[in-house]
Structures are given as structure tokens and as C-alpha cells.
Amino acid sequence: MLEMTREEFEELVAEALDRIPPELTRLMDNVAVFVEDEPPAEDPELLGIYEGTPLTERGEWYAGVLPDRITIYRGPTLRMCGSREEVVEETEVTVVHEIAHHFGIDDERLHALGYG
């Protein structure tokens, strides 16, 4: 398995977030991004997850709720990648994928766009 500290991986996630166009990040609302070492035991290969209510499903009832949560998992990413460059690329794809869910884009469309 490729070695990378939690801090180094968190920096890669931050850099991937920085590459999201500002016109999109301005539209993101009530969402927080986290890095965890490992996903839940029932899905050990999960690279990231979006938990919350997509922007496209929010209505006037949406107020006073906890932030949506995007979690990027370090362990599975490092296990599947053979080089730092692959980790950088995979991390960016995962971050974009999970942010797309925040915007209401489903897995089928993401796979068609190359973010599967």
C-alpha cells in the first residue's frame, strides 16, 4: 500500500476543492467536507460518500438543518493507487463526484461524464 500521512491526504483533498470552479463553489450551501481513514466496515472499498439533501431537492422546509456531509476515505484510495500521481487524480475525481451529488447529479450521469 502506498504511504501517505493523513495530513498529506487532507492537503490533496483541499487542493481538489480549490480546483472546483468558483462559480460552482459559490453555489454550494450548507455542506462540510471531511477526511476519514476508513469507510464503514460494510463497504471497505468506498472512496467517498455524500450524506444530505441535494440542492435540487431542497424546498422551503429546508432550514435549520445540520450541514450535508461529504467524506473522503484515505485508506481505500491509497490501497487502489500505485503512485502519488494516481492518488492526486483519484482524490480529485472522488471530490468532484461527491460534490456533484450535492448538486443532485446521480451516479449514472457521473459515470457517463467520467467521474464514476
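A pocket is here an open set of points, on a 1 Å grid over the protein atoms alone, where a 1.4 Å probe fits and which has protein on both sides within 12 Å along at least five of seven lines, and its lining residues are those with an atom within 4 Å of a point. The structure is a predicted model, in which local features need pLDDT of at least 70 and side-chain atom pairs count only at pLDDT 80 or more, while totals for chains, interfaces and linings use all residues. Residues are numbered from 1 along each chain as its sequence is written, and side-chain values use heavy atoms, with hydrogens and water left out.

The largest pocket is lined by R19, I20, P21, L24, E92, V96, I99, A100, F103, I105 and Y115.

The ring centres of W61 and Y62 are 5.6 Å apart and their planes stand at 80 degrees, so the pair is edge-to-face. With buried meaning under 20% relative accessible area, exposed over 50% and partly exposed in between (1.4 Å probe, protein chains only), W61 counts as exposed at 52%, whereas Y62 counts as buried at 15%.

H101 is likewise buried, with a relative accessible area of 15%. Contacts of H101, defined by heavy atoms within 4.5 Å, include Y50, P54, D106, D107 and L110 when residues up to four places away in sequence are not counted.

Methods:
Phe/Tyr/Trp six-rings, centres within 6.5 Å; stacked < 30°, edge-to-face > 60°.
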